[in-house]
Protein chains: 2
Amino acid sequence: MDTGQMNVQRQNGVALWRQIADRIRTSIANGEYDETGKVPPEFALAEQFGVNRHTVRSALAALAQEGIVRSVQGRGTLIERKDRLNFPISQRTRFNQGIGDQAREKEGLLLHSAEEPATADLAARLKIKPGAPVIRLETLRKADRRPVSRSTTWFPADRFGGMTEAYRQSGSITVAFRTLGLADYLRVSTEITATHADNADLADLELSPGAIVLVAKALNTDTDGVPVQYAVSRFPADMVQFTIEN
Amino acid sequence: MDTGQMNVQRQNGVALWRQIADRIRTSIANGEYDETGKVPPEFALAEQFGVNRHTVRSALAALAQEGIVRSVQGRGTLIERKDRLNFPISQRTRFNQGIGDQAREKEGLLLHSAEEPATADLAARLKIKPGAPVIRLETLRKADRRPVSRSTTWFPADRFGGMTEAYRQSGSITVAFRTLGLADYLRVSTEITATHADNADLADLELSPGAIVLVAKALNTDTDGVPVQYAVSRFPADMVQFTIEN
DNA sequence: TATGGTTGTCTATATTAATAGACATTTGAG
DNA sequence: CTCAAATGTCTATTAATATAGACAACCATA
């Protein structure tokens, strides 16, 4: 590509070092430095982005903090981690299945659970009466020890009262549903947006401030078309992508 | 909700005023201020975010620059624009159709076109030989005068040689395909990611720095399953959402 | 028309981000 | 062993960001 200065914005509320860190993180995820396994030297990056070498160093320090690179004096800045998981979205979307063999170790953690009355919006989606009891689960999913999504999930309480315990034991929604007598379920709609990470994202997903999260709102029904689950999941945008196959 | 201080990060490369501007923009898009049509007073926002009033003013100035709000001395800060377009993604995904009646005025602009040899990646997706000629179109789509997407689209040149002219005249891929003898086509896969807006995004989509773009990579085939089009489209994340219906 | 609520403007100060240059330290290769 | 190529550290300076306080200007309405 062009070797000249490219694409950093000044004086716009996003520090240069953060813009550069984001760009390098993306380049790593895209495999642009796969041949060497190293990020280009600091002075080369400084020239490429048209900034001072110290500014590049700030960016690399941030990436080192995230565990993505490791700088070694005399050798260079080595790439430690490089991952973008692919999530297929289909009628049979399942988290664990979707990850497939992209990760060896899969984990589902229950952060919090509660029973509460359904809001108007939620009731409309689950086709229950507003104020009817629902179970809310806050979960965190990991692949190879790295957090890949944070979800808030609601179930009609009258039908899936034991969901909290079932999920805690299995760490899987699919398994929990089966335990509660629902053998199969279908994804009927998924809404996808993107936003900046909020405080909870930063903590749970181990992100750095300014990071982007992909937000997916999903509705699942049983095979008769009765809604069984509504979920809002947040994914680190630099680690995942969604694929829709028709 | 809670009235106390909430959720702004200090010293992390994203200026407070920008974080606050992003939060307010999202709140507006979510309809949180619909009752009054106004953003809360500056001092109230300052207290809510735990910052100085001047910092809030910087955030509001940025939103005014984007045309989202307008401050009137003595009255308050009025909401000028509030929109989030929904894009359904299905086997028959069509831009103009998808927008439907969400916008009155739809427009497709041709920014640039060229004929060039296919890269290895592109050739694999379009199932043609690497280096075979393809037509590349850079297009900008608008709804009600606001830019909503910026796309780079490739077509096999041997089959769709007249694409540039056909698109220029109609402003629609669907119509251009029909002109060239392709009555129907199908969306077979869509990949969705998110990233920060780059310089071209800022210019073409009229965004402010630090904004987020949703990136969709789509492959279309004819009814025989032969690839006819590969496109990479970028959407302002605070203006659009994707919906997948199964 | 008087008043309370709101945005606009000004001055001053402290902290953080970015630039600039010099030189030390470490590593890998010849 | 020596040298080139990296990263590490230090000092100094400028620009952008954030806080603080005071007061002016304006609008709606009671």
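Figure 1. The buried residues of H3(A) pack against helix H1 (16-29), strand E1 (38-39), helix H2 (42-49), strand E2 (69-72) and strand E3 (76-79) of chain A. The residues concerned are A:Val56, A:Ala59, A:Leu60, A:Ala62 and A:Leu63. Seen down the axis of H3(A), these buried residues fall within an arc of 155°, so they line one face of the helix. An α-helix has 3.6 residues a turn, so residues three or four places apart point the same way. A:His54 and A:Gln65 are exposed and sit on the face of H3(A) turned away from its buried side.

**Figure 2. Length and ends of helix H3 in chain A.** H3(A) comprises 13 residues, 53-65. At 1.5 Å a residue the helix should span 18 Å, and this agrees with its end C-alpha atoms, which are 18 Å apart. The N-terminal end of H3(A) is capped by A:Asn52, with a side-chain oxygen 2.9 Å from the backbone nitrogen of A:His54. Just after the helix comes A:Gly67, with a positive phi of about 85°.

**Figure 3. The three-stranded open sheet of chain A.** The strand order is E1-E3-E2 and the pairing is antiparallel. E1 and E2 of chain A are the edge strands, each pairing on one side only. Four bridges link E2(A) and E3(A) in the antiparallel sense. A:Ser71 has A:Thr77 of E3(A) as its bridge partner. Strands of a sheet pair through backbone hydrogen bonds, either parallel or antiparallel.

**Figure 4. The three-stranded open sheet of chain B.** Chain B has an open sheet of three strands in the order E1-E3-E2, with antiparallel pairing. Its edge strands are E1 (38-39) and E2 (69-72) of chain B, each of which pairs on one side only. E2(B) and strand E3 (residues 76-79) of chain B pair in the antiparallel sense over four bridges. Opposite B:Ser71 stands B:Thr77 in E3(B).

**Figure 5. Helix H6 of chain A and the glycine that follows.** Buried residues in H6(A), residues 163-170, are A:Met163, A:Thr164, A:Ala166 and A:Tyr167. They cover an arc of only 165° around the axis, which puts them on the same side of H6(A). A:Gly171 follows the helix and has a positive phi, near 70°.

**Figure 6. Strand E10 of chain A and its pairing partners, E7(A) and E9(A).** E10(A) is mostly covered, with ten of its ten residues buried. Strand E7 (residues 146-156) of chain A runs antiparallel to E10(A) and is joined to E10(A) by five bridges. In this pairing A:Arg150 stands opposite A:Arg234 in E10(A). Strand E9 (residues 212-221) of chain A pairs with E10(A) in the antiparallel sense over nine bridges. A:Val213 stands opposite A:Pro236 in E10(A). E9(A) and E10(A) form a hairpin with five residues between them, and A:Gly225 in the turn has a positive phi of about 85°.

**Figure 7. A:Val188 and A:Thr221.** A:Val188 is part of strand E8 (residues 186-196) of chain A. Its relative accessibility is 23%, so A:Val188 counts as partly exposed. A:Val188 and A:Thr221 are 33 residues apart in sequence, and their C-alpha atoms are 6.8 Å apart in space.

**Figure 8. Lys127 in chain A and in chain B.** A:Lys127 has a positive phi of about 55° although it is not a glycine. A:Lys127 lies in the loop between helix H5 (120-126) and strand E6 (133-143) of chain A. With a relative accessible area of 66%, A:Lys127 is exposed. B:Lys127, also not a glycine, has a positive phi of about 55°. The loop holding B:Lys127 runs between helix H5 (120-126) and strand E6 (133-143) of chain B. B:Lys127 is exposed, with a relative accessible area of 66%.

**Figure 9. Confidence along chain A.** The mean pLDDT of chain A is 83, and 87% of its residues reach 70 or more. Over residues 1-6 of chain A the pLDDT is below 50, and beyond near neighbours in sequence this stretch has eight contacts in the model. Among the elements of chain A, strand E10 (residues 227-236) has the highest mean pLDDT (93) and helix H4 (residues 95-99) the lowest (62). Where pLDDT is low, the predicted coordinates should not be read in detail.

Methods: Residues numbered from 1 in each chain as written. Chains lettered and ligands numbered in written order. Predicted model: local features only at pLDDT ≥ 70, side-chain atom pairs only at ≥ 80, totals over all residues. Heavy atoms only, no water. Helix = DSSP H or I, 4+ residues; strand = E, 2+ residues; numbered from the N terminus. Expected span 1.5 Å × (residues − 1). Buried < 20%, exposed > 50% of the residue type's maximum accessible area, 1.4 Å probe, protein only. Arc of directions from axis to C-beta. Contact = heavy atoms within 4.5 Å. Polar contact = N/O pair within 3.5 Å; in protein donor to acceptor, adjacent residues only side chain to side chain. pLDDT = per-residue confidence, 0-100. Pairing = 2+ DSSP bridges.
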